[in-house]
Amino acid sequence: MHGHGGYDSDFSDDEHGGESSRKKKRKIEDDLLFQKPFQKEKHGKVASKQVAAELLDREEARNRRFHLIAMDAYQRHTKLVNDYILYYGGKKEDFRRLGENDKTDLDVIRENHRFLWNEEDEMEMTWEKRLAKKYYDKLFKEYCIADLSRYKENKFGFRWRIEKEVISGKGQFFCGNKCCDTKEGLKSWEVNFGYIEHGEKRNALVKLRLCQECSFKLNFHHRRKEIKSGKRKAKTKKGCEESSHRKSRLSPEETSKKKDKGHSSSKKPEDFINKTSDEEESASESEIWKGPVPETDEKSQEEEFDEYFQDLFL
């Protein structure tokens, strides 16, 4: 029995505790229900100064990186220099380059360039030599471009052609002298080019295409070797054989008569040529019927192209 003497129920505290826990759960459910998807969670405690500083630095670094990426190389360089002067002091004159040791790629290629690369040159390859070798591989080494300005001193300069000159035909369809653009009367010459490179004497056999005037300059001191195409060689050889064959068919009496009567009338040699030509035709006709017709090998399309390009490169 419950009386006024202070007695109470044993389950009274549990009932009050259950109601408070239910209120807390309901509040949490309401918060989750009304929370927006992009809303951050509420922190019960305030973050420390160190955590706030780290977050601020991270955000600042992200913004700085974004601005640096948006700049070009020159703007980025000037900004870094200005920041250095602002933080550490100094003057812009301290950052100016003297220019004595500054080298561009073209300077490196000129220092390490070689007219011809040997296996010994490729043994110890530095980055400078690799750059020069890469430039050398892009050159066209069929014909040379010549500098004949000092031909009277027997001094010549030769270099290989670049892509622009190959496309325009300079050195092949135009005169190979760098100061001449003549198209007509070009001849091919083979020159034994002796030169000194990196303190070493070397020789190279090069080909040139020059006009008549520039050919005279090339052969001013001594005659060079002229390169002729296969067709021209065959024609000259055939003409020499025909002339020797005609001379051999003449009898010794006729040759002596020709010597004694060199100033005779012009009808006799013409009659003699007509007779010899008739005799040759009759002999050739008789030889045709002696045996089967000789088979002639027809040239394939590849062989015809090879002959065509061979004539072009002479």
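Mentor: Start with lysine 141, which lies over the face of tyrosine 136, 4.5 Å from the ring centre. This is a predicted model, and every value below is computed from it. Another charge placed over a ring belongs to arginine 114: its charged end sits over the ring of tryptophan 117, at 5.7 Å from the centre.

Arginine 114 leads on to the charged pairs. Side chains of opposite charge can pair when their charged atoms come close. The count of salt bridges comes to 16. In one of them, arginine 114 meets aspartate 121, with 3.8 Å from N to O. Arginine 114 is buried because its relative accessible area is 10%, and aspartate 121 is likewise buried, at 8%.

Aspartate 121 also forms a salt bridge with arginine 202, where the closest N and O atoms are 3.0 Å apart. Arginine 202 is in strand S4 (residues 200–210) and aspartate 121 is in the loop between H4 and H5, so this pair ties together parts that are 81 residues apart in sequence. Arginine 202 counts as buried, since its relative accessibility is 8%. Through shared partners, salt bridges join Arg114, Asp121, Glu197, Glu200 and Arg202 into one network.

Arginine 62 and glutamate 59 meet at 2.6 Å, N to O, and both lie in helix H2 (residues 49–70), three residues apart, which is about one turn of the helix. Arginine 62 is partly exposed, at 46% relative accessibility, and glutamate 59 is partly exposed too, at 40%.

Now the rings. There are 10 aromatic pairs by count. One of these is stacked: phenylalanine 115 and tryptophan 160, at 4.8 Å centre to centre with 15° between the planes.

Tyrosine 195 is in strand S3 (residues 187–197), while phenylalanine 115 is in the loop between H4 and H5, so the pair ties together parts that are 80 residues apart in sequence. Both phenylalanine 115 and tyrosine 195 are buried. They belong to one aromatic cluster made of Phe115, Phe156, Phe158, Trp160, Phe193 and Tyr195.

Tyr84, Leu86, Tyr87, Tyr88 and Phe95 form a nonpolar surface patch, with about 670 Å² of accessible area together. Tyrosine 84 is in helix H3 (residues 73–88) and is partly exposed, at 43% relative accessible area.

That leaves the cysteines. The count of disulfides is zero. A disulfide needs two cysteine sulfur atoms within 2.5 Å. For cysteine 175, the closest cysteine sulfur is that of cysteine 214, at 3.6 Å, which is too far for a bond. For cysteine 180, it is that of cysteine 211, at 3.8 Å, again too far. Cysteine 175 is buried, at 0% relative accessibility, and cysteine 180 is buried with a relative accessible area of 13%.

Methods: Residues are numbered from 1 along each chain as its sequence is written. This is a predicted model: local features need pLDDT of at least 70, side-chain atom pairs count only at pLDDT 80 or more; totals for chains, interfaces and linings use all residues. Side-chain values use heavy atoms; hydrogens and water are left out. Patches are made of residues with over 30% relative accessible area and no salt bridge: like charges are joined within 9 Å, nonpolar side chains (Val, Leu, Ile, Met, Phe, Trp, Tyr) within 5 Å. Accessible areas come from the Shrake-Rupley method with a 1.4 Å probe; for residues, only the protein chains shown count as cover. A salt bridge is a side-chain nitrogen of Lys or Arg within 4 Å of a carboxyl oxygen of Asp or Glu. Helices (H or I, at least four residues) and strands (E, at least two) are DSSP runs, numbered from the N terminus. Buried means under 20% relative accessible area, exposed over 50%, partly exposed in between (1.4 Å probe, protein chains only). Rings of Phe, Tyr and Trp (its six-membered ring) pair if their centres lie within 6.5 Å; planes under 30 degrees apart count as stacked, over 60 as edge-to-face and the rest as tilted. A charge sits over a ring if NZ of Lys or CZ of Arg is within 6 Å of the ring centre and within 35 degrees of the ring normal.
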